Each structure stands twice: as C-alpha cells, then as structure tokens.
Amino acid sequence: MKAIAIVIPWFGKDLKGGAEQEAFQVATRLAARGRKVEVLTTCCRSFADDWGKNYYKQGEEQINGVCVRRFPVDKRDQDSFDRVNRILLDLKKSDLIPGVYPIAKPLSDTFAHENINSASLLKYLEMKQEQYEAFIFMPYLYGIILNGLPIVSEKAYLQPCLHDEAYAYLPEVERLFFLAKGVLFLSVGEMILAQKLYGPGFCRMGTVIGGGVEVNSGKQNSVAKIGSFNLEQSKFILCLGRRDQTKNTDLLVSAFEEFRTNHVDSDLLLVLAGPGPNNYHDESKGIIDLQLVSDDEKEMLLSSCIALFQPSKNESFSRVIMEAWFHLKPVVANRECLATATAVRQSGGGLLADSKTEWADRFSEFENMDIMKMEEFCRKGLHYAKENVSWEKVIDRYEMLWNTEKLIFFTTRKSSCKLKEIHQLLPNLTYGDAISNHAIEIRNFLRDSGYQSNIYVRYLDDKMATEAVVFQSKIIGKRAGIIYHHSIGSELTSFAVKHSGPKLMIYHNITPAHFFEPYDPEYARILTKGRLDLQLLSDVFHISAGDSKFNSDELRQTGFPNPSVLPICVNPDKWKTPADSKLMARLQDGIANILFVGRIAPNKCQDHLVESFHHYLTMDPDARLIMVGFGQPADPYYQHLKKIISKFGLMRKVFLVGQVTESELQAYYRTAHLFWSMSEHEGFCIPLIESMWFDIPVLSFKSTAVPETLGDAGILFNSKDDLIHVAALAKLMVRDDKIRDLVLNAQRQRRNAFLPEAVWPQLDRLIQKMEEQAA
Amino acid sequence: MIETENKEINVDEIMAKIKAEVENRKEGGLKVNSGDDPFADEMLSSFDWHHLKVNMGVAEENAVIGQKNFSMLRFNKMIRGVAKFASRIVLYITRIITFPQTNFNLAILNVLHIIRDGISNLERRLSHHENIVSQLSEQIQKQTQLLDEQTEKIDTQEKINSYLKANITMYENRFVVFMEEAQKRLPEPFSSEQLKQIIGQAEHLFDPLYLFFEDRFRGTRQEIKERLRVYLPLIEESGAGLEDYPILDIGCGRGEWLELISENQRTIIGVDLNRTLVEQCIERGMIVVEKDAVVYLQSLPENSIGAITAFHLIEHLPLNTLLNFFNETLRVLRKGGVAIFETPNPENVLVGSCNFYFDPTHRNPLPPQMMQFFLESRGFYRVSIQKLHPYPDEEKIPDDGSEIVKRFNQRFYGPQDYAVIGYKL
C-alpha cells in the first residue's frame with residue numbers, strides 16, 4: 001500500500017495553530033487505522049520562529065506511528081517578504097475584489113519566493129512522487145504549498161483552511177485551486193468562500209471533509225473558579241479564542257457595553273478567554289478577561305456559560321462553535337463570516353449578528369430566552385456537531401477520498417463489441433458554443449471507452465482547429481457508427497441519412513418559425529423547412545435522443561421510434577481558469593448585476609426582459625442588466641431591441657455585450673446576482689445550469705424545456721401579464737437573503753444531475769443500442 | 001404566478017413580499033435612476049484603468065535602481081561581510097550611471113501620474129457633462145411633450161370656441177332677421193315672403209356643427225392640404241387658374257384647396273352651401289360663394305372655367321343631381337379643362353362598410369368604375385381613376401409573400417379614396 005503524505009510547513013503535537021492541529025490529528029488518526037502516513041515538513045519549528053532557520057535536524061522521525069520527514073528551509077530575503085506582507089496586511093477590505101489580484105505580479109512572486117520554502121522538499125516531491133498514493137497540502141499560503149503542489153498536482157489534495165484575507169486573492173493561491181486533484185474544506189462556508197474567490201472550476205473536486213473536534217464530555221472537571229472569577233455563581237456569555245482586531249473582539253466588547261447601558265439592571269457578564277495582546281478586563285462594565293486558560297478551564301467555561309458568541313469574520317472553521325454545541329450551548333456567529341454563519345444556518349443551533357446593535361440585542365435575547373427555545377438551539381447544534389465534526393466521521397471522509405472512484409464514469413469497450421469507431425457529425429464547431437462543448441465531451445467519453453472517435457464538421461472555428469476535422473466524403477467508413485447532431489439541417493444531413501452503419505441522431509431542437517416571422521421571414525422559412533425535414537429523418541434514424549424530454553417528445557410526435565433523453569452535460573472543470581480581471585474589477589462595484597446569456601433572438605424575448613427590467617429599476621435603481629450573446633446589429637430583432645432600450649431611456653443601464661471570450665463569460669457569471677430569462681422557447685437552456693454552478697439564483701418564464709431543466713431549483717413564473725410583479729420577484733431574489741439561500745441550496749443539488757458522471761450512463765445505453773444495430 | 005417544485009419555498013410568503021414591494025413602489029412613485037453608473041462610464045470609456053494601475057505599480061517598484069545591495073544570504077558569515085563591502089563599492093561607482101537613470105525614471109513616473117490624474121479628471125468631467133446633457137434632454141423632451149399636450153388642448157378649445165362662436169353668430173343673425181321683419185310688420189302679421197326668409201334660416205341650423213364635424217373626422221387643415229398637393233401637377237398641366245380661366249372648387253368646405261391654389265398664385269373661387277364654412281373662408285381672405293353647386297354652375301357661361309374640383313362632394317348628391325352636376329361641369333369647362341372629383345373608395349372593405357358612414361350626410365358609396373362610366377357617358381375624355389391614401393405599412397399584415405395576405409391587405413388596407421379625373425375635349 002502506498003503512503004499518504006501530508007505536506008505542511010510545521011509539524012508537531014504541541015503546535016497551537018489550527019492547521020497544525022488538524023494535520024497532527026489527521027495524520028495520527030489515519031495511521032491508527034492502519035494507513036501508511038507520512039508528513040513532509042521543514043526543519044523550522046513553528047510559525048513564530050524565523051522561517052529561514054532550521055531548528056530540527058534534517059531526516060526522519062516517528063511521531064505517534066507517523067513517519068515525519070523534515071527538510072531544511074531555504075535562505076530567504078526576509079526584508080523583501082516583510083515589505084510585501086506589510087502591503088498585503090495594510091490592504092483594506094474594499095481593496096479585496098474576487099478575481100482581481102490585489103498586488104502586482106512581481107510583488108506576489110516575491111511573496112511566494114521569499115516565503116518559507118525548501119528546495120530539498122520540492123526536489124523530494126519531484127523524485128519520489130511515485131511512491132505515494134496521494135498528497136495533502138495544508139494550509140494554503142505558505143511557500144512549500146504554493147511551490148510544491150504544482151509538482152505533484154495529479155495526486156495532490158489541497159486543504160486550504162481558507163480565510164477571506166488578502167493572501168487568498170493572490171494568483172499563486174488561485175492556481176492551487178485549479179491544479180489540485182481535489183480540494184478539502186473544513187466547512188461548507190469555506191467552500192462557498194472558495195467559490196466566491198475562484199469560481200466553480202474546482203467544485204467537482206471539492207469535498208467538505210470537516211474539521212474534527214475532541215469531545216471531553218463525561219470527563220470529571222472540578223474547576224469552579226478561574227482566578228477570582230466564580231463560574232458557578234455567574235451568568236455569562238462566553239467568547240473563546242484569540243482576541244484581537246482581526247477576530248472582532250473590539251466589536252463584541254463595544255456591543256456588550258451598549259447592552260449594559262440599555263439594561264442597567266442586568267447582571268449578565270461577558271467573559272473572554274484566549275491569548276491576545278489586549279486586555280479588556282473591566283468589572284465595572286461586567287467584562288471579565290481571563291486571558292489564556294487551560295483546557296480544563298476552557299471546558300468548565302463552556303459548561304457554565306449561557307451561550308458562546310463568536311464575532312470573528314475570519315474563520316474557515318470555528319472549532320469553538322463545535323465545542324460549544326458538544327456542551328449543549330447555543331451560539332451566535334457573525335453573519336459576514338461564511339464559514340461560521342453557514343454552519344449556524346444549516347444547523348439551526350443559534351443566531352447570527354453583524355452590526356453592533358444587533359450583537360447588543362443578542363445579549364438581551366439570550367439573557368431572557370425561553371428555555372424551550374434555548375433547548376431547541378442546543379439540540380440542533382449538537383446534532384449538527386455529531387454529524388459533521390466527530391473525528392471518526394472526519395477520518396471516514398478522508399478514507400473515502402482514496403477508496404471511492406470519483407472519476408468520470410466510463411464504460412470499457414468489450415472485445416465482443418462490433419464497433420471500433422464512433423464519430424460525430426455536426427455542422428460546425430464553434431468556440432464557446434454549448435453544443436460544440438457537449439460534442440467534445442462526448443468524443444472524450446468515447447475515446448476513454450476505447451472507441452476511435454473524431455468530430456467531423458462542415459465549418460471549423462479557428463479556435464477549435466485541434467478539436468475537429470473538416471468533413472470530406474468517404475472520410476468515415478461504412479461500418480463506423482455515427483452520432484449526428486441535428487438542428488435545422490446542413491450539408492451533412494444527407495450523408496448522415498445515407499450512412500449505412502449504425503447511427504444515432506441527437507436532436508437539439510428547431511425554434512418555431514413564428515418567432516422569426518415578424519423580423520426575418522427568410523430565416524422563418526428555413527426553420528419551417530427544418531421542421532418538415534425532421535419528419536423525413538424519422539424513417540432513417542431508428543436510434544434517437546433529445547437533449548430534454550421536451551425535445552424527445554417532439555421527436556416522438558414526428559414519428560421517431562422510442563426516442564431517448566440525453567441531457568447536455570455541463571462540466572464545471574472548464575472554469576479552472578482565471579476570469580477576466582478587468583471585468584471582475586469593473587462589475588463588483590456594489591451595483592446588482594442581472595444577467596441573461598443567450599443569443600439575441602426573438603424566441604428569447606430579450607425585449608420583454610428589458611421592459612421588465614425597467615419596472616425593476618423603479619424598485620431597485622442600483623442595478624444593471626447585462627445580456628451576453630451573439631447579436632447582429634443589422635438584424636431586425638436586434639434593432640427592435642435597441643429601440644426598446646432607447647424608448648425606456650436605459651442606454652446606461654442595459655448592456656448588449658455580444659459574444660465574449662470564455663474568461664469574460666466567466667467574469668459575467670461570477671459577478672451576477674440574478675439570472676433572469678423571459679425566453680418563450682428553449683430546447684434545454686444550458687445557461688440555467690451554468691448559473692447554478694456560479695451560485696446565481698435563476699428566475700425564468702415557464703416555457704418549453706425550462707421547467708424540466710430547472711427541476712426543483714430556481715423559481716418559475718407562468719405569466720407575463722403583470723411584469724411589475726415579475727420585477728418585484730426579481731428584486732426579492734436579488735436582495736432577500738432568505739429567498740436566495742433557499743434557491744441556491746436547491747440549485748447546488750440540481751446542477752449535479754448534468755455532470756458527466758450523471759449523463760454518461762444514458763449515453764452508454766445509446767451506444768449499446770448502436771452496438772446491437774451493428775450486430 | 002410563481003411555480004416551484006422546491007418544497008422549502010413558501011410561495012404564499014413570497015407573494016406577500018411581492019405585493020409589499022409593488023405597494024412601496026406605488027407609494028414611492030417611479031424612482032428610475034438612469035443617471036450615474038460607474039460601470040457604464042467604464043464601459044463607454046476605452047481606457048483600461050485596471051491594467052494601468054497594475055503596470056504603474058510595477059514601474060514604481062522598479063523605478064529606483066542601483067540603490068540596494070544584492071542579498072548576500074547565500075554566503076556564509078565571513079564571505080558575506082567581504083561581499084557586502086565589495087558590493088557597496090561597486091554600487092558607489094556605478095551610481096554615476098544609475099543616478100541619472102533613477103532621476104529619469106522617477107520623473108517619467110511623475111509624468112505618468114499627472115497624465116493618469118488628468119485623464120481621470122477629464123473622464124469624470126465628461127461623464128458629468130454627459131449626465132447633464134442627458135438630464136436636459138429628458139427635461140426638454142418632457143417640456144416638449146407638455147407643450148404638445150397644451151397645444152392640442154388649446155387647439156381643441158379653439159375649435160370648440162369657433163363652433164360656439166359660429167353658433168352664437170348664427171343665432172344672433174336669425175334673431176336679428178326675425179326682429180327686423182317683426183319691426184317692419186308689427187302690428188301687422190308676417191307676409192309669406194318674410195316667413196320664407198325666417199324659415200329659410202332653418203336650412204343652416206346645423207352649419208356650425210358640420211364645421212366641428214370636419215375638424216373632428218376629416219383631419220387637420222395641414223393634413224388635408226398635404227394630401228391635396230397631389231393634384232397640383234394636373235392643375236399646372238391644364239394651365240387652369242391663370243388669366244381668365246379660374247379654378248372652381250365646388251363644396252370648398254374649410255378652404256384648404258383654396259389656400260393651396262392661392263399660395264401657387266392661381267385664381268380660385270370656392271362654392272359651398274354651409275354658411276358657417278363660407279364665412280370662415282371669407283374671413284381668411286378667400287373668394288367664396290354661398291350657393292347650390294348646380295345652380296351656381298348654371299349661372300356661368302360655357303367654356304369659362306379652367307378647372308373644376310370637388311373633394312368629397314359627389315357622395316352627398318342624389319343621382320339626378322350628380323348627373324346634372326357632371327353635365328354643367330362639362331359645359332362650363334374650357335377646352336382642355338380638367339375636372340377632378342375625389343370621393344371615398346368603397347373597394348376598400350373598411351371604407352365601404354364602415355368609414356364611409358362616419359358622415360351621416362353621405363348618401364351611398366360610389367364605385368370608381370361607375371364614376372368613370374358616368375363621366376365618359378357625359379362626354380369627358382381621358383377619364384382616369386387615381387387611387388389614393390392607402391393605410392401605412394405598419395398597420396398592414398406583414399407580407400409573407402402569400403396570396404392571401406396580399407389580397408387581404410389590398411382589400412382592407414388599400415387606398416381609402418380615389419379621384420376620377422376627366423378632360424373636356
């Protein structure tokens with residue numbers, strides 16, 4: 001059995017940092033289960049020591065059944081590093097914009113290069129990677145992680161312990177998320193933060209592994225006093241952990257003072273415990289600062305308090321909150337901290353607050369809380385903690401990483417199969433086109449399954465030159481299988497019809513002509529003809545599929561025998577690239593971005609969208625509407641749309657940005673607050689699924705295949721009679737956190753139905769049918 | 001309105017929130033703010049501020065050269081000391097070259113800062129002015145709209161006043177007539193002649209109403225004048241209205257044709273039975289006679305008139321009168337003189353079945369072929385039909401090339417009027 005290696009700058013039983021404790025627990029517990037575990041670390045002792053100095057000797061040692069290999073650290077230019085570090089620490093929150101690097105590349109290069117590094121550790125990774133099954137790199141912002149993970153990326157898991165701080169915005173850190181084979185998060189909130197910072201490209205490989213918490217319940221503890229503070233006779237709210245400005249202790253203290261001012265008769269105390277430079281102790285104000293306490297004292301404080309308040313905005317996982325729940329205590333967390341707020345919301349084990357007044361109100365609420373309500377919080381919190389943070393469950397999840405195949409579904413072509421080749425035919429392969437991307441995914445699946453497979457097209461976009469071949473007659477053998485992608489028909493249709501080998505037709509829908517008649521009668525005639533031609537194909541293609549049941553039903557009505565459904569797969573891996581930084585900087589300016597993606601076409605009813613948006617602005621003026629998609633300025637519908645925009649005076653609020661690059665599209669998705677569609681005809685509507693991956697709530701008119709694609713995600717409206725009400729709904733989906741959360745939660749489940757591993761079994765069945773046809 | 005399969009979502013709760021949003025909107029009034037949008041400014045600006053900032057950061061970082069020692073940490077303590085000393089010497093000597101370069105770099109950086117700030121300032125000012133222009137445009141548009149509305153109101157009010165005035169004048173006249181006759185005769189009873197005169201006033205009882213009717217349904221003076229321009233070439237070709245061969249406009253109404261011809265320096269006389277319309281035309285300075293059309297024509301010598309026109313008259317005449325009218329027209333026209341009679345076109349189904357009857361004094365629609373026949377039978381030559389005033393394209397069914405759409409548009413949205421034109425040989 002190959003070893004699992006944990007790579008971390010410092011390692012030791014007594015190290016206090018969260019990542020170091022996590023690494024120690026994971027390593028020793030995995031080893032206790034019989035796993036071969038090694039730790040690759042430096043000879044530096046701890047975070048607080050000089051990162052350029054070796055404390056330990058280079059070499060191997062055994063700690064609790066774990067082989068620890070220590071490597072000497074490199075000399076470094078501390079002055080340069082400190083200068084850059086100071087710049088990063090001085091950045092204000094408003095300077096940190098997701099997708100926009102906060103400092104110039106040379107400065108971030110200095111940060112990575114003059115960080116804690118070890119050339120010998122990196123060399124070891126390069127030379128010895130074959131000896132290991134997997135590597136876990138933690139946490140995210142140190143040199144050996146930034147420089148080491150790319151060397152072994154195919155086997156590397158990143159456990160970032162991510163915080164919303166300046167370091168997280170560096171390009172070197174972003175790169176880790178794109179390269180790693182898997183990303184392990186301590187909490188759902190941390191994962192959501194990562195998606196906010198880096199987009200959804202890593203999501204498929206992301207796992208909430210959770211952080212483990214030691215539970216000492218049942219242990220006898222006789223601590224009654226800490227110093228002069230009598231735990232048993234006092235009624236207090238507890239705040240545990242390091243106390244400084246980054247942990248928001250000042251805010252909590254200030255809020256407590258406000259509470260005491262408004263409730264002069266209250267005897268409630270605020271107790272702070274943990275290391276920190278400041279001392280907040282003031283008995284006259286009811287604030288007890290115990291500074292650093294022992295583990296036993298901490299246990300008693302948790303057992304004796306009314307509730308735990310965690311004001312920090314900077315947590316990837318709050319161990320103390322979990323500990324509080326194990327002690328059957330409710331918590332209050334900071335609404336702005338994704339990690340802790342998500343845990344509180346999901347568990348129901350407490351409340352949230354962010355402003356000083358709200359924190360002050362929470363003191364009052366918990367002092368006077370009904371016992372039943374209190375118990376409900378405690379019960380829910382305990383249940384959540386048991387499910388998510390017991391070490392047994394955490395280690396089980398680690399084990400699953402290596403025991404479960406999370407790879408793309410594939411079918412091995414059996415030797416008894418007749419078909420050696422299955423090729424695809426479609427009119428063109430275009431950069432950024434959803435059908436083109438789908439065809440590429442299908443081709444890759446076929447090749448992985450052992451078939452020779454190419455894509456043949458009539459017209460090939462330069463940017464896609466390596467992905468397809470221009471079709472010529474006789475290029476495909478008679479015995480080969482073909483998958484023909486059909487929409488309105490092309491020069492390739494007749495070849496597909498005449499092909500005598502096994503064939504499958506995938507139908508991508510033809511827009512009804514009546515949408516185009518007022519604007520482009522010529523194209524409307526082409527669409528009408530396309531629908532008529534479909535009937536002719538029904539006699540020729542005995543195996544067929546639609547992107548959706550809606551499309552499939554159209555095939556059935558046209559006469560195709562038993563058409564199947566093959567959804568278009570939407571693989572978030574394609575977003576493992578940076579978004580356009582210019583757009584990311586421009587679009588995150590506090591104004592709500594409402595997005596629609598789709599070509600400018602009458603069936604997509606962008607004119608209705610503009611009119612609805614006009615009403616939206618009367619309820620929420622700080623918004624803009626961005627429509628991404630191909631449109632010809634000379635096209636009558638495009639001109640009609642421009643007139644509508646002008647009629648409502650929205651030239652500075654509505655933007656037709658045209659066809660964009662992938663990185664620009666990613667930027668539009670990442671900065672959007674709502675995806676809003678008024679389309680009246682869709683065969684599938686890929687942007688709905690793409691929006692789900694970018695955590696954009698979806699609002700759509702109920703038509704054709706849209707309800708089927710959305711499933712129980714998003715929100716539909718079924719009438720355009722009152723656009724003002726529709727606009728009001730849109731505003732709620734942008735501004736009402738509760739509605740957004742409910743919609744996003746459902747969307748995060750629904751989007752998985754279109755991953756390759758979910759779609760390929762259906763493709764596999766269709767290929768089996770082709771094999772039967774070949775036989 | 002809302003549909004979702006998500007069981008966690010309470011649709012009723014959302015509907016209540018929607019209603020509250022809409023209520024707030026009503027109470028607050030329209031708050032559309034299409035003014036400042038920094039993104040819009042950036043989108044409209046072709047300036048790449050982001051990359052400017054990044055690259056200036058790099059420039060700032062590297063502007064000062066030859067000031068810093070290299071890192072000597074690679075060397076051990078002893079050699080490090082020597083290396084540091086040696087590098088200091090080298091730096092000191094090379095400062096001869098690097099010092100001016102550093103000064104140059106810093107100066108260029110300053111210039112870039114100044115340019116950057118200047119561009120930013122210009123963009124801000126431009127954006128500010130664009131906003132002002134946009135707001136002013138909006139205001140002008142609103143004011144223009146208000147002005148148009150006010151003008152329309154004034155126009156309508158003027159028309160009403162005119163009608164009321166005409167009505168009052170008419171009633172005054174009748175009263176005066178009645179009083180004069182009464183004064184002449186009292187204490188004797190009225191003679192039959194006097195009674196005839198008094199009763200004769202009844203014929204003109206609704207003259208002002210017809211003026212109002214014209215204003216409401218015919219179109220504005222300007223619109224009618226524009227439409228009538230189509231006939232000017234015919235007048236010019238015939239030479240009518242010059243020297244001794246004036247143009248006669250029978251049923252001249254509000255006098256648009258009289259005005260148009262007068263503007264073209266030709267002589268024209270109007271004839272109408274509506275006293276109110278006649279008085280209005282006279283007030284405008286036109287020559288108009290209040291007389292029955294056929295009676296007037298009968299009073300004229302033959303071959304004395306250059307052109308005779310009648311716009312929307314013939315549909316008011318009974319058949320015998322119509323034929324008499326055509327006969328007299330031919331008689332009084334000079335050789336080569338032209339007659340132009342415009343009337344609603346019943347080939348248009350909407351006109352023939354509905355619009356024709358807007359005017360209750362219309363008798364029956366007159367098909368163009370019938371009018372052509374009548375004129376030819378009276379002796380006019382080169383009789384032709386000119387179809388006029390089809391509906392605008394945006395009101396028609398979009399043409400998809402099919403026969404049915406073509407015919408439908410012809411029948412329902414085709415020419416609403418036609419003119420029958422004939423010449424005297």
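Student: In which helix is A:Glu771 found?
Tutor: Before we start, keep in mind that this is a predicted model. A:Glu771 belongs to chain A, and its helix covers residues 756-774. The helix asked for is H27.

Student: Does A:Glu771 count as buried or exposed?
Tutor: A residue is called buried when its relative accessible area is under 20%. The relative accessibility of A:Glu771 is 7%, so A:Glu771 counts as buried.

Student: Which residues is A:Glu771 in contact with, leaving aside its neighbours within four places in sequence?
Tutor: Start by setting aside the neighbours within four places in sequence. The contacts of A:Glu771 are then A:Cys417, A:Lys418, A:Leu419 and A:Tyr451.

Student: Let's move to another residue. What is the relative accessible area of A:Ser108?
Tutor: A:Ser108 has its place in helix H3, residues 105-113 of chain A. Not counting residues up to four places away in sequence, A:Ser108 touches A:Ile103, A:Leu170, A:Pro171 and A:Glu172. A:Ser108 is buried, and its relative accessible area is 0%.

Student: How many Å separate the C-alpha atoms of A:Leu231 and A:Leu301?
Tutor: A:Leu231 lies in the loop between strand S10 (229-230) and strand S11 (236-240) of chain A. With residues up to four places away in sequence not counted, A:Leu231 touches several residues, including A:Phe236, A:Met300 and A:Leu301. Along the chain, A:Leu231 and A:Leu301 are 70 residues apart, yet the separation of their C-alpha atoms is 7.0 Å.

Student: And is A:Leu231 buried or exposed?
Tutor: The limit for a buried residue is under 20%. A:Leu231 has a relative accessibility of 1%, so A:Leu231 counts as buried.

Student: How far apart are the end C-alpha atoms of helix H17 of chain A?
Tutor: Let's work out what to expect. The expected span is 1.5 Å times one less than the number of residues. Helix H17 (residues 521-537) has 17 residues, so it should span 24 Å. The model agrees with this, as the end C-alpha atoms of H17(A) are apart by 25 Å.

Student: Within what arc do the buried residues of H17(A) fall?
Tutor: The buried residues of H17(A) are A:Ala524, A:Leu527, A:Gly530, A:Leu534 and A:Leu537. Because the view down the axis puts them within a limited arc, they line one face of the helix. That arc is 130°.

Student: Which residues are exposed on the other side of H17(A)?
Tutor: The buried residues of H17(A) pack against strand S20 (481-486), helix H16 (493-498), strand S21 (503-507) and helix H18 (549-558) of chain A. On the other side of H17(A), the exposed residues are A:Lys529, A:Leu532 and A:Leu536.

Student: What separates the centres of domain 2 and domain 3 of chain A, in Å?
Tutor: The domain assignment gives chain A domain 2 at 225-389 and domain 3 at 422-565. Taken over C-alpha atoms, the separation of the centres of these two domains is 61 Å.

Student: Over which residues of chain A does pLDDT stay under 50?
Tutor: Chain A averages a pLDDT of 90, and 97% of its residues score at least 70. There is also a stretch with 11 contacts beyond four places in sequence where pLDDT stays under 50. Where pLDDT is low, the predicted coordinates should not be read in detail. The stretch in chain A is residues 405-409.

Student: Which residue does a cis peptide bond join to A:Met138?
Tutor: The omega of this bond is about -20°.

Student: On to chain B. What is the phi of B:His312?
Tutor: B:His312 is in the loop between strand S5 (305-311) and helix H12 (319-332) of chain B. B:His312 is buried, with a relative accessible area of 16%. Although B:His312 is not a glycine, its phi is positive, at about 60°.

Student: Where is B:Arg382 found?
Tutor: B:Arg382 is not a glycine either, and its phi is positive at about 55°. B:Arg382 is partly exposed, with a relative accessible area of 45%. B:Arg382 is found in chain B, residues 381-388, which is strand S7.

Definitions and conventions:
Residues numbered from 1 in each chain as written. Chains lettered and ligands numbered in written order. Predicted model: local features only at pLDDT ≥ 70, side-chain atom pairs only at ≥ 80, totals over all residues. Heavy atoms only, no water. Helix = DSSP H or I, 4+ residues; strand = E, 2+ residues; numbered from the N terminus. Buried < 20%, exposed > 50% of the residue type's maximum accessible area, 1.4 Å probe, protein only. Contact = heavy atoms within 4.5 Å. Arc of directions from axis to C-beta. Domains from an automatic or database assignment. pLDDT = per-residue confidence, 0-100.
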